[in-house]
Amino acid sequence: MDAKEVLKVYFGYDSYKPGQEEIINSILDGKDVLAIMPTGSGKSICYQIPALLLSGITIVISPLISLMQDQVKALNEAGIRAGYINSSLTESQISTVYARALDGAYKILYVAPERLESFDFLSFAGRAGISMVTIDEAHCISQWGQDFRPSYLKIVDFIDGLGKRPIVSAFTATATEEVKNDISCILKLQEPKIVVTGFDRENLYFDVETIKKKDDYVLEYIRKHHGESGIIYCATRKNVDSLYEMLSNEGIQVARYHAGMNNEDRKESQNDFIYDRTPVIIATNAFGMGIDKSNVRFVIHYNMPQSMENYYQEAGRAGRDGEPSQCILLFSAQDIMINKFLLDHKDFTDIPDEEIDLIRQRDAKRLHVMEGYCRTSGCLRKYILGYFGEKRNEPCDSCGNCHREFTEIDMTEEAKIVINCVWETKGRYGLNILLGTLLGANRARLKELGTTDYKTYGALKNRSESELRLLVSQLLLDGYLYQTADKYSVIRLGDIEPLKKEDAHLMVRTYKDREPERQKKSRSKRSTDSLTKAGYDLFEVLRGLRLTIAREEGMPPYIVFSDKTLIDMSVKTPRDKKSMFSVSGVGETKFEKYGERFIEAIVEFLEEHPESVTSIRDEENPSEEKAESAKRHRGRKGPFYLNPEDGEKFEYRDLLLLSEIKDELNRITSGDNVKHVFGTDIYKLLTEKGYVEQQNIEGRFIQVPTETGQEKGIVVSEKTSEKGTVYTVLNYPPAVQKEIVEYYIEIRHQVVATEA
C-alpha cells in the first residue's frame, strides 16, 4: 500500500491538502522535516501516514493529555493501531502499553515530553525499533515561542541517546522566523525539508470591536447564533466566572473552564463541550490546546491576548473543518493594563536569571504588537500575516476593517505637535503620559513630571483621546516614532525627516463604531449553502444518528464523522458502499463500522421523501459556467439538452412522477456527449416557474403544488413505503411534461449559440 492508498483507505480522502504530499514524501525518503502549517491544514496526517508505512514505531511527543487522547481515539476509529503514555494511566497500564508496543501492537505511540527522562521509558525506547520521532506543537521548544516549555528541551537528549538516530519531524501552526530557526537548531535537524504552507486561514473572518459593554455584545451574539458551537476566551478566572453567571442567568446553556476549578469539574466542562452537550464554553487560555473539535463556528476573545501567537492559535480553533467561522476580539484600554499585570506576575520557574530580562522585553514587544492589531485601521488579515512574515499586498475583503466605512483625514499639523511633545519628553515617557500632556489633562502625575509646563501641554485638547491614539499608532507604523520593547516601554523619535518636507502629508483613517449587532459577511461559502430545506432535514437526521453512535461508543461526535462529511452525504445521498466511498472523509474502517447505518438512514429518508431535492448547485455562477465551457472544449460531457427531433420520442402519459420524467428524458436524448439530467435539475426548473414549493406541515417539509401548479394540473397522491410509511408524491400532467421537453430543446439552442 502506498501513501495515496493509505490516505483513502484510512482517512477517506481522495487528494492531499497543500503541502501534505511534499512532507509525506520527504519523510518516506528518510529526511528530517520542519512543517509550519495553519490549524485545520492537516498536520497530523503528515506524520500519521508515514508512520504506517515506516518499518518501526513512531513516537509522537505531545504536550497535553487531552490532545493525545483525542488523537488516539480518532486513529483507532480509522483502524490505525495507536496508544499513549501519560499521567492518566496507572503504572500497571503503562507497563501493559510498553509490552504491547514491543510486541508490535502499535504503529504510533504518543508520549508527554516529561516521560522522556523516566527509566522505564528509556528502557523501552532502547528495545523498540523507533523509525521516527515526531514533535507536535514544536514551537514549545523555543524560549521565543508563545508556549515555551522547558520539558521540551529534553527531547534533544532523548534523540541523542538512541542507538540509531530516527527520522525527526517537527510540526507547529504558528512560528515567526526566530522561532522557526530555534526549532531547527535546538532539535539538531539534519538538512531538514522545511515546508511553510502559509499562515492564512481563508475561512476565518476576523474582527475587532472596541466597546465598553462587552457582556451585552456577547449575550446578543450568542442569541443570534443559537445552537452554534463556540469558545469565549477571558484573560482572568474572575471574568470567566462573571460571564458564566450572567449567561446562565439569561437561560443560555454554557460551560466554563479555568485552573481555579477542580480537575473533575474541568473535565466535565470540557467533555460537555466536546460531546456537543453544551455548545458554548467560557475559558481562560488554559483551555483548548489540542482540542480537535472541528465544528467550532466562533471564537470570541473577551479580552486582548498577550501576543499575536496566542491570539492566532486560540482564534484558529474556529473552523477546523474549513467552514466559514468568526474570530472576534472585544477590545478596551483596560485589557492592556490586565495583560501588563499578568506579565508582571509571570512564573519564571526553571528559567535562568540572565534570560528573564530578555523574555520580559520580548513579552512587552508582543503586547505592543497585539495592541497595534486592536487599534489598526488597516486590513486585519494583512496585519496578522505580516507579523508571521507573509506579505500580502491587497486587503482581504473578509475582515471587520475591510467592511468598515473609514474616512481619511489630514492630521499633518497634529502629527508635528505630537513629535514636538515627544522631543520635549526626551523619550522618557510612555503613551499615557504623552496623550495626557497633549490633551491638557489635570493629573497629579503630569504635574509631578513637569509636563504641564511643556509648550505642547493641551496643544491638542480639541481632539479626542481615541483620535490621538490612532494618530500615534500611524506615526509608529510609519517609523516617525518608535516604542521601546522593555517592561516600561517609552516612545521616542524615529526618522522624522520626511515629515519636514513642505509637501509632506500624514493621513489617518478614522471610523465611527457601528452597532454591535451588525451582521458580518464572509467571502467563504459554507458547505450547507448548497442544501435545500430537505437537505437540511437529512443533515439533521444524520447528525442525530451520529450523536446516537457517539454515545454508544463513548466518544466525541466529530470522531465518528465530521459535519463536513455529513453535509457531503446529504448532498450525494449515497445508497450503497461504492457511492458512500465518494463521500469525503469516509474510509474503509469507518465504513465497516458505521457505513451501513448511515446508508439505511439515507434510504429511509428518501423513501419517506421520494421527490426530495437535497441540494441545488449554483448554475448562475459565472466561474462555474466558464468551467463548464472549458470542460466541453476538453471533450468532457456538457449540459443536458434535447435535439428538436427528440421531443417527438417523448411518451406523454396522463400523470408522471418526476423520476419518470427524468428517465424518459435521458432515454430519448440524442445530444452529443451530454450529462444525464437529474430530478434536482427538473425540480429547480419547476420551482423557478412557480409550479411547486416546499411547505412546513406539522414540522415536516413537504413538496406541494402552488396555486399556479394546481391550475396546470399538478396533483398530489399518497404512497406507502416497504416499511409501511405513508408519504405524498407529485404527479405532473402532459401539459407540464411538454413544457419540460421544450425547455431542454431551448437549452440546445443556447449551447449552439455559445459554441458558435
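Start by selecting Lys 738, which is partly exposed at a relative accessible area of 43%. Here "buried" means under 20% relative accessible area, "exposed" means over 50%, and "partly exposed" is in between (1.4 Å probe, protein chains only). Before you click on, know that this is a predicted model, where local features need pLDDT of at least 70 and side-chain atom pairs count only at pLDDT 80 or more, while totals for chains, interfaces and linings use all residues. Residues are numbered from 1 along each chain as its sequence is written, and side-chain values use heavy atoms, with hydrogens and water left out.

**Stop 1: a salt bridge along a helix**

A salt bridge is a side-chain nitrogen of Lys or Arg within 4 Å of a carboxyl oxygen of Asp or Glu. Glu 742 is also partly exposed, at 43%. Now jump to a network: salt bridges with shared partners join Asp 200, Arg 381 and Arg 392.

**Stop 2**

Zoom in on Asp 200, in the loop between strands S7 and S8 (204–210). The helix and strand labels come from DSSP runs (H or I of at least four residues for helices, E of at least two for strands), numbered from the N terminus. Is Asp 200 buried or exposed? It's buried, with a relative accessible area of 18%. Its side chain makes a polar contact with the side chain of Arg 381 at 2.9 Å, and another with that of Arg 392 at 2.8 Å. A polar contact is a pair of N or O atoms within 3.5 Å; within protein, one must be able to donate a hydrogen and the other to accept it, and residues adjacent in sequence count only if both atoms are side-chain atoms.

**Stop 3: bridges across the chain**

How many salt bridges does the structure hold? There are 35. Pick Arg 362 and Glu 178, whose side chains meet in one of 2.6 Å, N to O. This pair links distant parts of the chain, with Arg 362 in helix H14 (residues 353–375) and Glu 178 in helix H8, 184 residues apart.

Next, select Lys 214 and Asp 335, whose closest N and O atoms are 3.1 Å apart in their salt bridge. Lys 214 is in helix H9 (residues 214–224) and Asp 335 in helix H13 (residues 333–344), so look for two parts of the chain 121 residues apart. Both residues are buried. Stay on Lys 214, because its charged end also sits over the ring of Tyr 302, 5.5 Å from the centre; that label asks for NZ of Lys or CZ of Arg within 6 Å of the ring centre and within 35 degrees of the ring normal.

**Stop 4: aromatic rings**

Time for rings of Phe, Tyr and Trp (its six-membered ring), which pair if their centres lie within 6.5 Å; planes under 30 degrees apart count as stacked, over 60 as edge-to-face and the rest as tilted. The whole structure has 21 aromatic pairs. Select Tyr 387 and Phe 388: the centres are 5.2 Å apart and the planes at 80°, so this pair is edge-to-face. Tyr 387 is partly exposed at 23%, whereas Phe 388 is buried at 6%. Phe 640 and Tyr 744 are edge-to-face too, with centres 5.1 Å apart and planes at 80°. Phe 640 is in the loop between helices H25 (622–633) and H26 (658–668), and Tyr 744 is in helix H29 (residues 734–755), so the pair ties together parts 104 residues apart in sequence.

**Stop 5: a loop aspartate**

Finish at Asp 576, in the loop between helix H22 (563–572) and helix H23 (577–580). It is partly exposed, at 41% relative accessibility. What does its side chain reach at 3.3 Å? The backbone nitrogen of Lys 578.
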